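Subject: The structure for you to look at

Hi,

Here is the structure I said I would pass on. Have a look at it first, then read my notes below.

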Amino acid sequence: MTQQDTHGTHDGPRNPGRRIFLRAAAATAAVTSGVITTGAAATGAAAAPTAATAATPAVAAAPGGFPDYRYLKTLLTPSQLKYNPTGEIIFPCIRGVYDKLANPLGRYYLYYGPHDAPGGICLAYGDSLEGPFTEYTANPIVSNNWQPHYKVSHVASPHVIWRADLKELWLYFHGENGTTRLARSKDGITFTYDKVVLTTAMMPAGSNETSYARVFPHELPSRGAHYVMLFMLNNQSNHRAIAWGWSSDGRNWTFDQTPLVRHSDVGANNVGGPHLLSRNGSTYVVYNTDKEHGGNLLITEVGNDFSRRNHLGLFYDSANSAPDNGRSAAPSFGTDQGVPYMVYEAGERLQGSIAVARG
């Protein structure tokens, strides 16, 4: 086990006809809201090189002028992994570490893991965002039993940010579904436990899930914040929404009690897997819908101060064929030699793989 028991002291075939129809609808929405739908490629809010950055624009741009990502290949399949307790993996997070860590295992670290008990935070590494990725031999690097801090049924949904000021990688993960935790590392492999950063008790009464959190550097001067968190919120209605919070230090958080994106805003039963992107002077949230309502990635412009709610429509159209099988979720973005990539969860929930699309 590579986690440590010490506290941190500081802080295939696409669907072309459907795609054309949805693109047209999204473009109309973008024009109505005053959003430019062409231009340079995406710029993410996370620190370079792990967020989408400038590149040659795609011929058919997504709303907001983002690249039109196309499925390239599958990176990880559960049946091919040594650590495979449940036959499923979810929620990839890709990070470039070649310019941050001394002697990393590869240029890129790919964090992922199974969700169902016992779960586990896992690592794979490679020298290209197109793969191949090699499974770390001692997975999971964080388990569901980390004494004296917790013992839970599962841990899942890793999201890692680089803290340049501390020269550390910070890992946010959930376990149980109502608790998001923080751990910290100097090498991206061995982590020290820090603290709980989010629970259902911090959200409105009746909340029963606060999970799948991603954290991004983002300036909110009016709130004294340097970081924002996006996560999935559920309550007794069993309709999941996207919620958000802000923080000055990445450890202590304030959470908006009103959802950022409701399921009803975009005609779905559930939305989740949010990721923050910035482009052309504005800020956007990309997220997935349930398979019964498209199983696609949608995009909403929230603006730099999170005051807008411009629902721009389709960002990525999941294919009916493998590996998507009608569902794409939990995207993570990166660039490799100026080319934008999206690493994502492909396939039906708890039956899928980790795939990569290229812009």
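Let's start with Lys186, which is exposed, with a relative accessible area of 53%. The cut-offs here are: buried is under 20% relative accessible area, exposed is over 50%, and partly exposed is in between, using a 1.4 Å probe and protein chains only.

Before going further, please keep in mind that this is a predicted model, where local features need pLDDT of at least 70, side-chain atom pairs count only at pLDDT 80 or more, and totals for chains, interfaces and linings use all residues. Residues are numbered from 1 along each chain as its sequence is written, and side-chain values use heavy atoms, with hydrogens and water left out.

**Salt bridges**

What does Lys186 form a salt bridge with? The partner is Glu168, with the closest N and O atoms 3.5 Å apart. A salt bridge here is a side-chain nitrogen of Lys or Arg within 4 Å of a carboxyl oxygen of Asp or Glu. As background, side chains of opposite charge can pair when their charged atoms come close.

Glu168 also meets the side chain of Arg184 in a salt bridge, at 2.9 Å from N to O. That pair links distant parts of the chain: Arg184 sits in strand β12 (residues 179-185) and Glu168 in strand β11 (residues 168-174), 16 residues apart. Helices (H or I, at least four residues) and strands (E, at least two) are DSSP runs, numbered from the N terminus. Both Arg184 and Glu168 are buried; for Glu168 the relative accessibility is 11%.

**Strands and a sheet**

β24 turns up again in an open sheet of four strands, in the order β3-β24-β23-β22, with antiparallel pairing. Two strands pair if DSSP finds at least two bridges between them. The edge strands, β3 (70-76) and β22 (328-336), each pair on one side only.

Inside that sheet, strand β23 (residues 339-346) and β24 pair in the antiparallel sense over six bridges, and Val343 stands opposite Val356 in β24.

Now find strand β4 (residues 90-96): seven of its seven residues are buried, so the strand is largely enclosed by the rest of the structure. β4 pairs with strand β5 (residues 108-113) in the antiparallel sense over five bridges. In that pairing, Gly96 stands opposite Tyr108 in β5.

Cheers
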